[in-house]
Amino acid sequence: MDIDTINVIVLAYMGDAVYDTYIRKKLIGLGIQKVEELQNKAIEYVSAKGQVKILNYLINNNILSDEELDIVKRGRNNKRSSHPKNTDILTYKLSTGFEALIGYLYLSNKIDRLEEILSFIEVR
């Protein structure tokens, strides 16, 4: 698979699944037993606003490499005309960039780096 030829939205699609699974696993690891509580807590992290909060932390603390920032920008700059009604377009585009980065790292088999980036997220 040539990762550089994969559409950035496909990277985001994959990243969304990987990130959602990571958050769910972390929340279950906290011992939460009620599915409704798990779902409500997960939304804090997997919503566009939650993802942008994490992305901003990564950027502001110079955690991402230039290559990783390029992937984020590709995702952010993707030309999509629609977005969910519950979030503004800028937040949606930034969250797409975050998801694209996660998908890129996963599909590139850069699992150590993926885990390193995800380790900055405090799930509680």
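The model is predicted: local features need pLDDT of at least 70, side-chain atom pairs count only at pLDDT 80 or more, and totals for chains, interfaces and linings use all residues. Residues are numbered from 1 along each chain as its sequence is written, and side-chain values use heavy atoms, with hydrogens and water left out.

**Helix H5**

Helices are DSSP runs of H or I with at least four residues, numbered from the N terminus. H5 covers residues 89-107, and its 19 residues reach 26 Å from the first C-alpha to the last, close to the 27 Å expected at 1.5 Å a residue. That expected span is 1.5 Å times one less than the number of residues. Of the 19 residues, 14 are buried, so H5 is largely enclosed by the rest of the structure. Buried means under 20% relative accessible area, exposed over 50%, and partly exposed in between, with a 1.4 Å probe and protein chains only. The N-terminal end of H5 is capped by Asp88, which places a side-chain oxygen 3.2 Å from the backbone nitrogen of Leu90. After H5 comes Asn109, with a positive phi near 65°.

**Nonpolar core**

A nonpolar core is a set of buried Ala, Val, Leu, Ile, Met, Phe, Trp, Tyr and Cys residues joined through side-chain atoms within 4.5 Å. The largest one has 34 residues, of which Tyr19, Ile23, Leu27 and Ile121 touch the most other members. Two or more residues each come from H1 (8-29), H2 (35-46), H3 (48-60), H4 (66-76), H5 and H6 (111-118). H1 gives the largest share, eight residues. Leu27 has contacts (heavy atoms within 4.5 Å) with residues including Ile32, Leu38, Tyr45 and Val123, leaving aside residues up to four places away in sequence.

**Salt bridges**

A salt bridge is a side-chain nitrogen of Lys or Arg within 4 Å of a carboxyl oxygen of Asp or Glu. By this rule there are five salt bridges, among them the following.

| Pair | Closest N and O atoms |
|---|---|
| Lys110 and Glu67 | 3.5 Å |
| Arg113 and Glu68 | 2.7 Å |
| Glu122 and Arg124 | 3.8 Å |

Lys110 and Glu67 form a salt bridge that links the loop between H5 and H6 to helix H4, across 43 residues. Lys110 counts as partly exposed at 31% relative accessibility, and Glu67 as partly exposed at 39%. The salt bridge of Arg113 with Glu68 links helix H6 to helix H4, 45 residues apart. Arg113 and Glu68 are both buried, whereas Glu122 and Arg124 are both exposed.

Notes
A polar contact is a pair of N or O atoms within 3.5 Å; within protein, one must be able to donate a hydrogen and the other to accept it, and residues adjacent in sequence count only if both atoms are side-chain atoms.
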